[in-house]
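Please open the model in a viewer and keep a selection tool at hand.

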Amino acid sequence: MPRITQPHDDAWSPDVEAAVATFGNRARNEILRFLTTFGPATRGDIVDSVSAGEPSVAKHLVALEQVGAIVVDVPAGRRHGRSPRYSANPARIKELLDAHLRYVLEE
């Protein structure tokens with residue numbers, strides 16, 4: 001079985017790592033596309049609209065929030081019993097894509 005390695009390259013920045021993790025995953029791309037198209041939505045709205053189940057969507061939303069690709073209207077730690085609304089963060093999405101392109105194209 002092939003070994004998974006991390007590039008030993010100064011150009012492999014945290015933003016490149018985040019871009020690969022974000023845009024290399026179909027469910028995360030579907031979530032971002034949905035949020036970009038339809039605006040703020042609850043987790044239930046997202047689950048109803050993408051091809052991933054609730055546990056998977058919940059996991060992906062956490063990852064997308066951590067890299068800044070989405071923003072949430074209720075701060076973490078205050079969400080229990082509430083229905084936070086998730087929104088795409090187009091500026092951050094573009095930053096991540098640009099970082100990935102610079103890495104791939106060696107710019």
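Predicted model: local features only at pLDDT ≥ 70, side-chain atom pairs only at ≥ 80, totals over all residues.

**The nonpolar core**

Begin by selecting Ile-31, Leu-35, Ile-46 and Val-57: among the 23 residues of the largest nonpolar core, these touch the most other members. The core draws at least two residues from each of H1, H2, helix H3 (43–49), helix H4 (54–66), strand S1 (70–72), S2 and helix H5 (90–104). With five residues, H2 gives the most to this core.

Next, centre the view on Ile-31. Leaving aside residues up to four places away in sequence, Ile-31 touches Ile-46, Val-50, Val-57, His-60, Leu-61 and Leu-64.

**The H1 and H2 contact**

Now display helix H1 (residues 14–23) together with helix H2 (residues 26–38). Their axes come within 6 Å and cross at roughly 90°; H1 and H2 are therefore roughly perpendicular to each other. To see the contact itself, select Ala-21, Thr-22 and Phe-23 on H1, and Arg-28, Asn-29 and Leu-32 on H2. Coloured by residue class, the residues of this contact divide into three nonpolar, two polar and one charged.

**Ser-87 in strand S2**

Finally, move to strand S2 (residues 86–88), where Ser-87 is found. Is Ser-87 buried or exposed? Its relative accessible area is 17%, and because buried means under 20%, Ser-87 counts as buried. Select its neighbours to complete the view: not counting residues up to four places away in sequence, Ser-87 touches Leu-35, Pro-40, Ala-69, Ile-70 and Val-71. Leu-35 in this list also belongs to the opening selection of core residues.

How values were computed. Residues numbered from 1 in each chain as written. Heavy atoms only, no water. Helix = DSSP H or I, 4+ residues; strand = E, 2+ residues; numbered from the N terminus. Buried < 20%, exposed > 50% of the residue type's maximum accessible area, 1.4 Å probe, protein only. Contact = heavy atoms within 4.5 Å. Axes fitted to C-alpha atoms, helices over the stretch in contact; angles between N-to-C directions. Parallel < 35°, antiparallel > 145°, perpendicular 65-115°, else oblique. Nonpolar A, V, L, I, M, F, W, Y, C, P; charged D, E, K, R; others polar. Core = buried A, V, L, I, M, F, W, Y, C linked by side-chain atoms within 4.5 Å.
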